[in-house]
Amino acid sequence: MEIHQLEILRELGALGSVKAVADTLMVTPSAVSQQLAHLQRTVDVPLTRKEGRNLVLTEAGQVLADAGAAVVSAMADARGALGTYHGSPAGRVTISGFHSAGQALFGPLARILDQPGHPRIELSDEDVAQQDFPALTARYDLVLAHRMDHSPRWPTERVAVIPLAHEPLDVALPAGHPLARQDTVTVHDVGAEAWVTSHPGYSPADVLSAVAAVSSREPNIVHRINDYSTVAALVAAGGVVGLLPRYTAGPVLNPDIVLRPLEGISTRRRIDLLARPENLKRRAVVLVCEALEDIMAGLVKQG
């Protein structure tokens with residue numbers, strides 16, 4: 001049983017296919033399959049099983065993958081003792097972010113770290129369904145993720161979670177809308193409105209489902225758009241209302257839109273940083289986490 005075999009098993013559990021593991025580790029799918037076969041010969045219970053075209057972990061495989069993650073983390077501790085890699089504040093840090101967080105956080109982060117001796121960041125946007133954020137930690141040092149309060153918690157047995165904000169989604173109204181004169185709106189106020197919302201499986205479509213349930217009205221969804229800047233443009237044009245995040249929507253707002261808190265249901269989403277535990281042992285990664293925490297705290301204060 002080799003450490004790299006345990007790492008491959010863990011990646012298979014996170015990514016769900018041999019090809020995805022091969023792409024992430026930059027090896028061939030046959031090399032991944034060979035190492036999994038070698039590992040299987042060292043134990044007497046099945047570690048994987050076929051599910052359609054994919055190879056997935058059995059319960060025993062997941063147990064071994066989780067134990068393997070602890071081994072990998074321990075090896076990271078050993079490397080950290082050398083003080084060369086983990087102790088450097090100027091290392092490379094890869095970050096993915098969903099769109100609204102990237103619009104609000106990436107610019108300030110790049111400005112803060114644009115000086116000698118600071119981490120060298122590489123930014124990507126990954127707007128995935130909520131349940132798919134943890135798997136991104138296989139490809140990035142840090143993953144900006146969000147989930148609604150009622151959504152399943154992150155799998156903390158596999159990823160570390162650093163909370164950044166508990167952000168409400170507010171009702172976005174054209175500035176001339178009658179409801180814009182109110183300080184807050186209720187689900188009954190907006191139940192009959194025409195809406196622009198996200199595709200199913202993404203926020204804020206799930207919030208709108210709760211609005212429909214409480215108001216006992218099927219929502220009139222005119223547009224389905226995942227990009228908040230496009231949502232803001234449609235609301236500003238008139239004819240529809242939407243839901244926009246209170247703290248991170250700044251880059252997409254304009255004077256033709258007002259935001260009003262929605263009473264009667266929970267509209268809050270949690271914005272968190274997800275990471276493999278071993279990555280948080282690197283000084284460069286910790287510095288980036290701290291910078292993101294400071295930026296988000298400033299946005300919350302402004303909001």
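Helices H2 (residues 18-25) and H3 (residues 29-40) have axes that come within 8 Å and cross at roughly 110 degrees, which makes H2 roughly perpendicular to H3 (65 to 115 degrees). This is a predicted model, where local features need pLDDT of at least 70, side-chain atom pairs count only at pLDDT 80 or more, and totals for chains, interfaces and linings use all residues. Residues are numbered from 1 along each chain as its sequence is written, and side-chain values use heavy atoms, with hydrogens and water left out.

**H2 against H3**
- On the H2 side, Val-18, Val-21 and Ala-22 make the contact (heavy atoms within 4.5 Å), and on the H3 side it's Pro-29, Val-32 and Ser-33.
- By class, that's five nonpolar, one polar and no charged residues.

- Met-26 follows H2 and has a positive phi, near 60 degrees.

**H5 against H9**
- Helix H5 (residues 99-113) packs on helix H9 (residues 283-302) at an angle of about 125 degrees, with their axes 10 Å apart.
- From H5, Ala-104, Leu-105, Pro-108, Leu-109, Ile-112 and Leu-113 meet Val-288, Ala-291, Leu-292, Ile-295, Met-296 and Leu-299 of H9.
- The residues of this contact divide into 12 nonpolar, no polar and no charged.

Notes: Axes fitted to C-alpha atoms, helices over the stretch in contact; angles between N-to-C directions. Helix = DSSP H or I, 4+ residues; strand = E, 2+ residues; numbered from the N terminus. Parallel < 35°, antiparallel > 145°, perpendicular 65-115°, else oblique. Nonpolar A, V, L, I, M, F, W, Y, C, P; charged D, E, K, R; others polar.
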